Amino acid sequence: MINVENLNKWFGSKRAVNNVSFNVNKGEVLGFLGPNGAGKSTTMRMITGYIPADEGKITVGGFDIDEDPVKAKSLMGYLPENAPAYGDMTVTAFLRFIASLRGVSGSERTIAVERVIETCFLQAVRHQPIETLSKGFLHRTCFAQSIIHDPEVLILDEPTDGLDPNQKHEVRNLIKRMSERKAIILSTHILEEVDAVCSKVIIINNGKLVADGLPAELKKRSAMADSVIVKLNNVKYADISSRLEGIDGVDSVMCLSENEHSCETRVIPKKTDGNYQNGLAEKVYHEASDADWEICELKTDEGRLDDVFRSITTTDDR
Amino acid sequence: MSGTFSNISAVTKKELYSYFVSPVAYVFMIIFLILIGFFTFMLGGFFQRNEANLDSFFLWHPWLYMFLVPSVGMRVWSEERRSGTLELLFTLPITAWQAILGKFIAGCLFLLLCLSLTFPMVLTVKHLGDPDTGAILCGYIGSFLVAITFLAISGLTSSLTRNQVISFIISLVLCLLLILAGWPPITDLFVKWAPIWVVDLVAAFSIIPHFEGLQRGVIDSRDIIYYLSLIFFSLFSTSVVLHSRKAS
């Protein structure tokens, strides 16, 4: 649905977006990650046709955003950063206005407005002027305007920014529910959100695409991925470390916490060996039972997205 | 295309809604009517003239519009830019022209309403004498054209900045220049050093002679073209500015 090829954008001499390419199909939720100022919002603004790209090609549903902007825009719903809305209008009037510009009219419009007011939980504030709304309601009002015409493509710039945990949960569920029938791009710097809703992830840093893949694949790139965490009762770290290091395929062992009752240890596998995931935990288990250690907890670390995020986006700065 | 009209009318309706939901529209109307009455009767000497016409009424219109119209037009784009709704508007499936026209038409309708609320003047003069109805109608047309020309200009200055005060002052100065362009103090500035065609050019930009013709009841196509070309130029420049400075 969304195709971005070799996108470039300069602001003066600063290259804000540097040769970015990706595509999103129907049924996919693309998580767009990156530190502040990495070029996420700029890229989204180019996709939605707000600012022109200097180089590259963007098509939405087959329509080029430069050549056929009105058709391409009509397929999209867009939630800009900071959720702008007309402060002097009431929530209902604002949604009706957006609906009519989206080509939803007559009784259809009334139904559409009612539908989004319900899905975004805006009943309580529907007749209130937008400038009097709290941030959470403002955000949901702007979110409601982006889905009022049930678009095939949804571009969300930080959709859960400023929401409380319950509202975040609701919005994520909403996105997940809609994702089957739509192509969605959402930018965020909350990594748990990616885990919760995204089927694909790209990471952008200084305008450049630095990682691209499935959330699970990216996690594997974490230094801690596939390591085994084992918590043993009534042992000292000093007594067990050499034995754990001796296990075949173990690179190193580190102590996470220790007290008089127990000791928590991380066992890191050698990276060169391919698929260790299940194997290592099993080996650690056998080693522990051979040594008669009392196992309190044993688990394999999947790796963490924030480790990957941090390592990718900070090494590139140098 | 029906989409074009429905888009323009949606923007127009929304703008009119914004005018009347805030006190701006009511304050504007009241101030306009009070001032127009004050100028006509106190400064224009409506009764002392002892003539059944509205010359002393129309005389003040450009001066009033000079500072009242920019106060209507200043927020049109500045506010969109400041609050970020410009991004919302220009990612909707409408063209910049549809948005510009929609907003311009809303302003025109509002000014038309204000102008039509001066109808007691017409009734007064009708009651007192036997005025030339055609001339009064032409005067109203001329006054309306001056108002919407100023509206287009303040729309342009509004698109240049996110600060409404700057927008207001620049458009006030531009309107003032248009009013004064033909007056000797301004033309004298050029007479001493510039060739005569420059002086004529500056004088030709003056809005007053084009208004006086209409006040006398003469509809000259040159006057109409003058107003329409100023409006078109301003609206066109607005679209150029909005295209090039969206992100800033």
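**A buried strand and its surroundings**

Guide: Chain A has 11 helices and 14 strands, these being DSSP runs numbered from the N terminus, with helices as H or I of at least four residues and strands as E of at least two. Residues are numbered from 1 along each chain as its sequence is written, while chains are lettered from A and ligands numbered from 1 in the order in which they are written. The model is predicted: local features need pLDDT of at least 70, side-chain atom pairs count only at pLDDT 80 or more, and totals for chains, interfaces and linings use all residues.

The C-alpha trace of chain A spans about 75 × 45 × 30 Å along its principal axes. Of its 318 residues, 42% count as buried, meaning that 20 or more other C-beta atoms lie within 10 Å of the residue's own; 12 or fewer make a residue exposed, anything in between makes it partly exposed, and the C-beta atoms are placed from the backbone. For contacts in chain A between residues at least 6 apart in sequence, 68% join residues at least 24 apart; a contact here is a pair of C-beta atoms, placed from the backbone, within 7 Å.

The part to look at is strand 8 of chain A, residues 183–188. Six of its six residues are buried, so the strand is largely enclosed by the rest of the structure. In a regular strand the side chains alternate between the two faces of the sheet. In strand 8 of chain A, A:A183, A:I185 and A:S187 lie on one side and A:I184, A:L186 and A:T188 on the other, and both faces are covered.

Two pairings of this strand can be described, where pairing requires at least two DSSP bridges between the strands. Strand 3 (residues 29–33) of chain A pairs with strand 8 of chain A in the parallel sense over five bridges, and A:F32 has A:S187 as its bridge partner. Strand 7 of chain A also runs parallel to strand 8 of chain A, joined to it by five bridges; there A:V153 is bridged to A:A183.

The phi of A:D150 is positive, near 50°, although the residue is not glycine. A:D150 has 15 C-beta neighbours inside 10 Å, so it counts as partly exposed. A:A83 is another residue other than glycine with a positive phi, about 45°. Its place is the loop between strand 6 (76–79) and helix 3 (91–101) of chain A. A:A83 counts as buried because it has 25 C-beta neighbours inside 10 Å.

A:V17, in strand 2 (residues 14–24) of chain A, is buried as well, with 27 C-beta neighbours inside 10 Å. Apart from neighbours within four places in sequence, A:V17 is in contact with A:L7, A:N8, A:K9, A:G39, A:T42, A:T43 and A:G207. Its C-alpha atom is 23 Å from that of A:A83, 66 residues away along the chain.

Next, the partner chain. Across the boundary, 21 residues of chain B are in contact with 21 residues of chain A. On the side of chain B that touches chain A, helix 1 (2–21) and helix 7 of chain B each supply at least two residues. Helix 1 of chain B gives the most, with seven residues. The residues on that side divide into nine nonpolar, nine polar and three charged, where Ala, Val, Leu, Ile, Met, Phe, Trp, Tyr, Cys and Pro are nonpolar, Asp, Glu, Lys and Arg charged, and the others, Gly among them, polar. The predictor gives the complex an ipTM of 0.88 and a pTM of 0.86.

Within chain B, helix 6 (residues 75–83) has B:V76, B:W77, B:S78, B:E80 and B:R81 buried. What covers them includes helix 5 (61–73), helix 7 (85–89), helix 8 (96–116), helix 10 (133–160) and helix 11 (164–180) of chain B. After helix 6 of chain B comes B:G84, with a positive phi near 85°.

On confidence, chain B averages a pLDDT of 89, with 98% of the residues scoring at least 70; pLDDT is the predictor's confidence in each residue, from 0 to 100.

Technical notes. Contact = placed C-beta atoms within 7 Å.
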